[in-house]
Amino acid sequence: MHKTLLGERKERKLTQDQLAKAVGMKTSYYARRERGEQQFDLNEAKQIADELSISVADLFPEIFLV
């Protein structure tokens with residue numbers, strides 16, 4: 001599970017559906033990735049980070065090891 005992503009999304013009071021739609025993804029596609037069942041590609045990670053106004057490295061520290 002992407003704990004930082006989950007926390008950032010909830011802090012902004014966004015549902016998975018709202019964030020998924022904002023970045024052009026189906027909710028089920030987004031949800032599987034937020035749960036860690038599949039990985040976001042770099043482009044998807046960038047879109048989400050931009051939508052949440054946070055850097056990709058800060059949003060996905062478990063991947064980018066900042």
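Predicted model: local features only at pLDDT ≥ 70, side-chain atom pairs only at ≥ 80, totals over all residues.

I began at the start of H4, where a side-chain oxygen of Asp 41 comes to within 3.1 Å of the backbone nitrogen of Asn 43. I count a polar contact as a pair of N or O atoms within 3.5 Å; within protein, one must be able to donate a hydrogen and the other to accept it, and residues adjacent in sequence count only if both atoms are side-chain atoms. Helices here are DSSP runs (H or I, at least four residues), numbered from the N terminus.

Residues are numbered from 1 along each chain as its sequence is written, and side-chain values use heavy atoms, with hydrogens and water left out.

Next I checked the other end: just after H4, Ser 53 has a positive phi of about 55 degrees.

Which residues of H4 are buried? I found Glu 44, Ala 45, Ile 48, Ala 49 and Leu 52 in helix H4, residues 42–52. They lie on the same side of H4, because they cover an arc of only 130 degrees around the axis (taken from the directions from the helix axis to the C-beta atoms). Leu 42 and Asn 43, on the other side of H4, are exposed. My cut-offs are under 20% relative accessible area for buried and over 50% for exposed, with a 1.4 Å probe and protein chains only. The cover over the buried residues of H4 includes helices H1 (3–11), H2 (16–22), H3 (27–34) and H5 (56–59).

Then I turned to His 2, in the segment before H1. His 2 counts as buried, at 4% relative accessibility. Beyond its neighbours within four places in sequence, His 2 has contacts (heavy atoms within 4.5 Å) that include Arg 33, Phe 40 and Phe 60.

How many aromatic pairs does a search of the whole structure find? I got 2, counting rings of Phe, Tyr and Trp (its six-membered ring) with centres within 6.5 Å; planes under 30 degrees apart are stacked, over 60 edge-to-face and the rest tilted. Tyr 30 and Phe 40 make a tilted pair, because their ring centres are 5.8 Å apart and their planes at 50 degrees. Tyr 30 lies in helix H3 and Phe 40 in the loop between H3 and H4, so the pair ties together parts 10 residues apart in sequence. Tyr 30 is buried at 0%, and Phe 40 is buried at 10%. Ring pairs join Tyr 30, Phe 40 and Phe 60 into a cluster.

Note on methods
Helix = DSSP H or I, 4+ residues; strand = E, 2+ residues; numbered from the N terminus.
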